[in-house]
Amino acid sequence: QLSLAESGGGLVPPGGSLRLACAASGFTLDYYGIGWFRQAPGKEREGVSCISSSSRNTYYSDSVKGRFTISRDNGKNMVYLEMRNLKPEDTAVYYCAAEPLLYDCSGAVGPDDYDYWGQGTQVTVSS
């Protein structure tokens, strides 16, 4: 059975860093495009980054460009989101999502573009 699990969230002060991990089971992650989304209380779920199948391309929203980095480790069947210089407005539940054979994810930035979702991990940026 295909499943995704996020980890790595927590409480950090402004300017801090976190690395989120998305672990896949039941399928080979490299064949899937992976998106990272976040949802703050009272707000819609927004796409922040994605990496396409076979890592052909990546995408970052304007709000995180230059601060977040997405990467894969195919040997571990994991995708990571490295977050630096975190701001209070980055506070949200972060989700990873997967879509098979997504070779260009630059246009796949909405929740409807992905079929498989993890349960989310909370990131809180506060002093």
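The backbone oxygen of Tyr32 lies 2.4 Å from a polar atom of the side chain of Arg72, a polar contact (a pair of N or O atoms within 3.5 Å; within protein, one must be able to donate a hydrogen and the other to accept it, and residues adjacent in sequence count only if both atoms are side-chain atoms). This is a predicted model, in which local features need pLDDT of at least 70 and side-chain atom pairs count only at pLDDT 80 or more, while totals for chains, interfaces and linings use all residues. Residues are numbered from 1 along each chain as its sequence is written, and side-chain values use heavy atoms, with hydrogens and water left out.

**Arg72 and its surroundings**

- Arg72 sits in strand β7, residues 68–73; strands (E, at least two residues) are DSSP runs, numbered from the N terminus.
- The backbone oxygen of Leu29 is also found 2.9 Å from a polar atom of the Arg72 side chain.
- Arg72 is buried, where buried means under 20% relative accessible area, exposed over 50%, and partly exposed in between (1.4 Å probe, protein chains only).
- Arg72 has no salt bridge, and the nearest side chain of opposite charge, Asp30, is 4.0 Å away; for charge, Lys and Arg count as positive and Asp and Glu as negative, while His and the chain ends are not counted.

**Strands and hairpins**

- β4 and β5 run antiparallel and are joined by five bridges; two strands pair if DSSP finds at least two bridges between them.
- Across this pairing, Trp36 stands opposite Ser49 in β5.
- The β4 and β5 hairpin has six residues between the strands, and Gly42 there takes a positive phi near 80 degrees.
- On to the next partner: three bridges join β5 to β6 (residues 58–60), again running antiparallel, with Cys50 opposite Tyr59 in β6.
- The hairpin of β5 and β6 has six residues between the strands, and Ser54 in its turn has a positive phi of about 60 degrees.
- Five of the six residues of β5 are buried, so this strand is largely enclosed by the rest of the structure.

**Charged pairs**

- Side chains of opposite charge can pair when their charged atoms come close.
- A search of the whole structure finds four salt bridges, each a side-chain nitrogen of Lys or Arg within 4 Å of a carboxyl oxygen of Asp or Glu.
- In one of them, Asp90 meets Arg38, with the closest N and O atoms 2.8 Å apart. This pair links distant parts of the chain, 52 residues apart: Asp90 is in the loop between β8 (78–83) and β9 (92–100), and Arg38 is in strand β4.
- Asp90 counts as buried because its relative accessibility is 1%, and Arg38 counts as buried at 5%.
- Arg67 forms a salt bridge with Asp90, also with the closest N and O atoms 2.8 Å apart. Salt bridges that share partners join Arg38, Glu46, Arg67 and Asp90 into one network.
- Lys65 and Asp62 meet in a salt bridge of 3.3 Å, N to O; Lys65 counts as exposed at 51% relative accessibility, and so does Asp62 at 67%.

**At the surface**

- Lys43, in the loop between β4 and β5 (46–51), is exposed because its relative accessible area is 59%.
- Lys43 and Ala92 are 49 residues apart in sequence and 9.5 Å apart in space, C-alpha to C-alpha.

Definitions and conventions
Helix = DSSP H or I, 4+ residues; strand = E, 2+ residues; numbered from the N terminus.
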